[in-house]
Amino acid sequence: MNVAVFGAGYAGLALARRLERRLPPEAELVVVDEDDHHLVQHEIHRAVRRPGVADDLRIPLDDVFDRVEVRQARVTDVDSEAGVATFADGGTLAYDIGAVCLGAETAYYDLPGIEEHGHPLKRLEHAAAIRERFSDIVAAGEGSVVVGGAGLSGIQVAGELAALAREEGVEDSVEVCLLEQEATVAPAFPEQFQTAVAEELAAQGVTVRTGVPVERADADAVHLADGSAVDADLLVWTGGIRGPAALGGERPVVQSGLRLSDDTFVVGDAARVVDEDGAAVPASAQAAVREADVAADNVVRLVEYRLGDRDGFEPRLDRYRFDSLGWLVSVGDGAVAQVGSAVLTGPAAVALKSTVGAGYLTTVGSVRQAVELVREELGPPPGDAAAETPADDHSEAADDTVPVEEGGDDGPAGKS
């Protein structure tokens, strides 16, 4: 019995870690990812301002698993009916039960010039490219930066760039402008959260324009639907998501059992999940990790059934219900958090963000990286010494701790 997990993002890592503890020994488990590490995606914006943090955001997959075969390959196609995945090098992998956890890719909505001139922010290489272009603007002494899309990803990178402008002493000559086609920033979130985020963006020096869709971009500007244009020496595009190439760029709709076909599940941002109550589930890290709990239960049940005598009907699948733990976004040196009906800003929100990020790292056995993340965010505590940093372990005590930030780009800043 061959069980395959395609992708080692939040959904894939969480699912594979649960399966390796629970699958019967007769089942072989393989994880396929184009990288040899898990990327802490919800912190990637920090690498724009602090390149040194990049190493803390990469978790080597060989350090995470005990009984999993890790295969490094880029998945280009998944035939969910045949149970076969195809790789970029021409190789294939047949599976008995598989889970597509490949996440989402940046959507450009066929807006002229956006993909050509816009920088996405999905990988550490993207963060490095954004920083390099921003450094050119700093060297010139003046310029303008446009971030398209005011979901959480756009908010975070805009805040980082505004903070970097302050650190470089060019805040008065380099403008950071955040564009959103909806009427507010963070349009998918509660009103009190939106208000607090807008205030924090203003405090951090980010100019915000809402209510005007993007139509196109060229090398010098972003052109809006109202006929106006915004100068752009650097364009960062976080305006929406589409499905992975392995699914034809689509995000298939899956119901709360997360099943795409008899043998294939889709978990996380790669799908449009409809939960048990019939509600659309937002693309987020916390949703991906919690969907993985349900998917793991369902995969284990199917494996045990198929390895057994198959008496009676196929086992009933568990169903996923979305229940948000809260939302958290960094804005430069500040942050905004909502937990229940309470909205936090200032040092309390910054501390919560650092704690959540470190808590997630400890769940995947990266205690050292968790300590480094806190040190980078809050500064070293009195008497702190690098030699006192604890060694990594594989503790599972906090395995349900998940980030509360949005896991990807939230919605279109261009077309409706």
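Biologist: Which residues does Gln194 touch, not counting residues up to four places away in sequence?

Modeller: In this predicted model, Gln194 lies in helix α6, which covers residues 191-203. Its relative accessibility is 12%, and because buried means under 20%, Gln194 counts as buried. Once residues up to four places away in sequence are set aside, Gln194 touches Thr184, Val185, Ala186, Pro187, Ala188 and Phe189.

Biologist: What is the length of the polar contact that joins the side chains of Gln194 and Thr184?

Modeller: Thr184 is one of the residues that Gln194 touches. The two side chains are also joined by a polar contact, for which the cut-off is 3.5 Å between N or O atoms, and the computed distance between Gln194 and Thr184 is 3.4 Å.

Biologist: Is Lys353 buried or exposed, and with the side chain of which residue does its side chain make a polar contact?

Modeller: Lys353 belongs to helix α8, residues 346-363. Its relative accessible area is 1%, so Lys353 is buried. The side chain of Lys353 makes a polar contact, at 2.9 Å, with the side chain of Glu43.

Biologist: The side chain of Trp237 reaches the backbone oxygen of which residue?

Modeller: Trp237 is found in strand β18, which runs over residues 234-237, and with a relative accessible area of 0% it is buried. The C-alpha atoms of Trp237 and Leu179 are separated by 9.8 Å, although the two residues are 58 residues apart along the chain. As for the backbone oxygen, the side chain of Trp237 reaches, at 2.8 Å, that of Ala107.

Biologist: Why can α7 be described as largely enclosed by the rest of the structure, and how far apart are its end C-alpha atoms?

Modeller: Of the 23 residues of α7, 17 are buried, so the helix is largely enclosed by the rest of the structure. At 1.5 Å a residue, α7 should span 33 Å, and this agrees with the separation of its end C-alpha atoms, which is 32 Å.

Biologist: At roughly what angle do the axes of α1 and α7 cross?

Modeller: Leaving aside neighbours within four places in sequence, Leu19 is in contact with Val3, Val5, Leu29, Ala296, Val299 and Val300. The axes of α1, residues 10-22, and α7 come within 8 Å of each other, and α1 passes α7 in a right-handed crossing. The contact is made by residues including Leu15 and Leu19 of α1 and Ala296, Val299 and Val300 of α7. The crossing angle of the two axes is roughly 30°.

Biologist: What is the C-alpha to C-alpha distance between Gly118 and Ala219?

Modeller: Gly118 has its place in strand β11, residues 118-119, and at 10% relative accessibility it counts as buried. Not counting residues up to four places away in sequence, Gly118 touches Gly113 and Leu235. Gly118 and Ala219 are 101 residues apart in sequence, and their C-alpha to C-alpha distance is 9.4 Å.

Biologist: What percentage of the residues of the protein chain count as buried?

Modeller: The protein chain contains 9 helices and 25 strands. Among its contacts with a separation of 6 or more, residues 24 or more positions apart account for 71%. Of the 416 residues of the protein chain, the share that count as buried is 55%.

Note on methods
Residues are numbered from 1 along each chain as its sequence is written. This is a predicted model: local features need pLDDT of at least 70, side-chain atom pairs count only at pLDDT 80 or more; totals for chains, interfaces and linings use all residues. Side-chain values use heavy atoms; hydrogens and water are left out. Helices (H or I, at least four residues) and strands (E, at least two) are DSSP runs, numbered from the N terminus. Buried means under 20% relative accessible area, exposed over 50%, partly exposed in between (1.4 Å probe, protein chains only). A polar contact is a pair of N or O atoms within 3.5 Å; within protein, one must be able to donate a hydrogen and the other to accept it, and residues adjacent in sequence count only if both atoms are side-chain atoms. Contact means heavy atoms within 4.5 Å. The expected span of a helix is 1.5 Å times one less than its number of residues. Axes are lines fitted to C-alpha atoms, for helices over the stretch in contact, and angles run from 0 to 180 degrees between N-to-C directions. A crossing is left-handed if the near helix is turned anticlockwise from the far one by less than a right angle, and right-handed if clockwise.
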